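Try each task before reading its solution.

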Amino acid sequence: MARRKLVAGNWKMNGSRAALTELDAIAQAAATRPGVDVAVALPATLIAPAAERAPALSIGAEDVHAADHGAHTGCISAAMVKEAGARFSIVGHSERRADQGETDADVKAKAEALHRHGLHAIVCVGETLDEREAGHAEAVVTAQIAGSLPDGASGDWCSIAYEPVWAIGTGRTPTADDVAAMHGAIRAKLRELIGGEADRLRILYGGSVTPDNARELLHVADVDGALVGGASLTAAKFVPVIAAAR
Ligand code: PGA
């Protein structure tokens with residue numbers, strides 16, 4: 001079945017109000033490519049000014065807390081990022097799984113919180129280099145899918161991002177065949193979990209996507225878009241990635 005491609009940027013802990021000028025050309029590129037969904041996940045402090053500056057662009061958060069409110073100093077809820085102008089959030093990025101010790105159950109609860117507030121969830125999964133070299137990549141990733149997929153997951157509000165940890169920010173990428181095999185395995189696991197709805201969820205590839213490799217990666221079977229870190233920080237690099245999705 002045909003799924004619209006989604007190209008999502010992830011600025012991580014980078015950027016500033018001044019850097020939001022980059023969104024102007026990104027929004028323009030999105031407007032001229034109605035067949036591709038374009039989104040940018042930003043540090044929480046930049047969500048409101050970005051949503052104001054680029055109202056046509058889908059602006060999102062990089063994480064939310066699973067609870068709606070309460071005694072969680074330093075955390076931000078789905079309702080809060082929504083009020084700031086976010087339409088989605090990434091959850092379970094490998095940097096948070098590693099740095100903050102987030103578990104599959106945490107990630108699932110965060111995705112469900114997003115759904116409660118009408119926001120889209122991009123649920124991240126991916127194996128480490130040791131896991132790949134030991135031949136366990138598919139087992140690790142499909143187990144993450146089983147543990148992290150929110151209840152009632154639907155293509156209307158949930159996407160998956162497959163990001164091999166060893167490909168993030170390293171300039172290394174898996175081969176097209178390896179990406180096809182993993183995305184196929186993820187799709188098969190989703191079918192096992194949610195039946196026919198599995199064909200409506202988008203599965204993005206992430207990890208060192210650049211203008212040079214985007215066309216190849218974005219046209220691998222079962223790749224429905226990209227989650228882009230470093231190359232999303234400037235329009236000069238992100239716009240060609242968006243263009244490659246067509
Ligand atoms: P990268 O990051 O494109 O800089 O490798 C991707 C990500 O972590 O989402």
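Contact here means heavy atoms within 4.5 Å. The model is predicted, so local features need pLDDT of at least 70, side-chain atom pairs count only at pLDDT 80 or more, and totals for chains, interfaces and linings use all residues. Residues are numbered from 1 along each chain as its sequence is written, and side-chain values use heavy atoms, with hydrogens and water left out.

**Exercise 1.** Find which residues of H5 meet which residues of H7, then describe how the two helices pack.

Step 1: Locate H5 at residues 104-116 and H7 at residues 137-148; helices are DSSP runs (H or I, at least four residues), numbered from the N terminus.

Step 2: The axes, lines fitted to C-alpha atoms over the stretch in contact, lie 7 Å apart at an angle of about 50 degrees.

**Exercise 2.** How many disulfides does the whole structure hold?

Step 1: Look for cysteine sulfur atoms within 2.5 Å of each other. The search finds 0 disulfides.

Step 2: Check Cys 124: its closest cysteine sulfur, in Cys 158, is 11 Å away, too far for a bond.

Step 3: Cys 124 is buried (under 20% relative accessible area) at 1% relative accessibility, and Cys 158 is buried at 0%.

Note on methods. Axes are lines fitted to C-alpha atoms, for helices over the stretch in contact, and angles run from 0 to 180 degrees between N-to-C directions. Buried means under 20% relative accessible area, exposed over 50%, partly exposed in between (1.4 Å probe, protein chains only).
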